[in-house]
Amino acid sequence: MKNKNITAIIGILVIILIFVFFNNFQKEVVKMNKSLFLVSVKEIKELSVIQVPYHKIVKNKKGFFCEITIILKGYVEGYINLENLREDDIKIKDNVVYITIPKPEYRFNSNYFSVFKENTAFCDKISLINETIQLGEKMILEDAKKDGIEKTIEGRVKEILSKFVKSLGYKDVQFIIKDSLIQ
Amino acid sequence: MRKFLIIFFIVSCKEKTSLEDKLEEIKKTENFNIMEWTTRNVFEITFTKQFGIENRFAIETKSKVRFCVSLNDLKYRVEGNYVIFGNLPNVRVCSYDVIEQIQNYDEDIFIISPSSGKNRRLAFQMAIESTKIMIKNLENDPNIQEHSKQLLRNFLSGFVKLFGKEAKFEE
């Protein structure tokens with residue numbers, strides 16, 4: 001009777017050990033090593049994470065009979081450049097990935113503009129339009145900054161990269177954000 | 001040993017009930033504030049008069065929109081060390097303020113038009129009403145939905161961590 005009990009306990013222990021071994025073995029297969037991981041991340045190159053529509057009325061007056069008002073439409077796109085990521089930027093410890101990423105950036109992509117009002121008798125209309133578009137782009141980027149887009153982009157970058165890293169078999173990911181000027 | 005197990009069992013049961021009690025409590029929240037979003041809209045409004053005469057107005061408005069979510073339908077189950085949340089509810093516009101009715105403005109009016117003042121007033125009114133419609137449409141913006149849900153995920157993760165658990169989310 002006693003022997004039967006011992007055999008049953010040993011049997012259960014063996015089953016648990018096989019289960020634990022098999023479980024860990026499967027995780028190892030899914031997980032990538034650091035170099036492969038870096039290649040996978042770098043393949044993303046530029047990761048667009050958010051697009052927020054922005055419109056602006058832009059007035060530009062250069063003097064008498066040289067003024068224009070345009071309506072500029074488009075979207076502010078937040079993105080992160082992962083192309084220049086180096087092996088030192090990724091550290092893996094205890095199934096957790098520590099990744100140093102460049103500061104996310106944003107730009108304005110215009111998809112439409114219309115001239116609302118113009119008085120261009122004494123100046124070059126085309127160059128005035130181009131100058132006004134550039135002025136509008138700057139104003140929109142300032143608006144986006146005031147609206148807190150940097151924080152939003154940072155959040156989205158972390159979220160998307162976390163999902164990506166976890167899909168490679170790692171338990172967690174921690175981010176360190178460095179200045180984008182290093183690129 | 002038996003005593004220890006009984007105490008452990010009571011303590012763990014108590015902790016579980018406490019977490020679930022708290023989750024049930026937050027589920028009663030009808031309007032859980034998730035985030036505030038600034039939105040800017042531009043409207044071009046034209047009034048056409050006789051003989052092709054037009055009064056045109058370009059108006060830019062700026063609004064602050066607060067998004068919230070009802071936690072009443074929050075679904076979860078506790079499995080060991082994990083709290084698994086089902087599909088998170090969609091966020092909706094809870095309240096808003098058109099904080100700058102005229103953030104930017106220009107007009108192109110016929111110089112001797114007697115109705116230009118009336119048209120201007122009407123244009124401002126239309127811009128504000130249209131802003132309200134645009135704000136309501138923000139609920140359908142996938143960027144806003146995704147960003148808000150991420151904030152809700154962060155909140156729920158932090159919440160269950162207080163009870164020593166880890167949150168998982170079913171997509």
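Predicted model: local features only at pLDDT ≥ 70, side-chain atom pairs only at ≥ 80, totals over all residues.
The expected span of a helix is 1.5 Å times one less than its number of residues.

**View 1. Helix α3(B), end to end.** Let us start with the length of α3(B), which has 20 residues. At 1.5 Å a residue it should span 28 Å, and because its end C-alpha atoms are 28 Å apart, the two values agree.

**View 2. The buried residues of α3(B).** Staying with this helix, look for B:I144, B:H147, B:S148 and B:Q150, which are buried. Further along α3(B), B:L152, B:L156 and B:V160 are buried too.

View 3. Three strands line up in the order β3-β4-β6, with mixed pairing. At the edges sit β3 (76-79) and β6 (166-169) of chain B, each pairing on one side only. On average, neighbouring strands of this sheet are turned by 25 degrees against each other, direction ignored. Our helix returns here: α3(B) packs on the sheet and touches β4 and β6 of chain B, its direction making about 145 degrees with that of β6(B). Zooming in, β3(B) and β4(B) (residues 82-85) run antiparallel and are joined by four bridges. Within β4(B), B:Y82 is the bridge partner of B:E79.

**View 4. Where chain B meets chain A.** Here 13 residues of chain B are in contact with 18 residues of chain A. On the chain B side, the elements giving two or more residues are β1 (32-48), β2 (54-69), β5 (92-108) and α3 (142-161). The largest share, five residues, comes from β1(B).

Terms used
Residues numbered from 1 in each chain as written. Chains lettered and ligands numbered in written order. Contact = placed C-beta atoms within 7 Å. Buried ≥ 20, exposed ≤ 12 C-beta atoms within 10 Å, placed from the backbone. Pairing = 2+ DSSP bridges. Axes fitted to C-alpha atoms, helices over the stretch in contact; angles between N-to-C directions.
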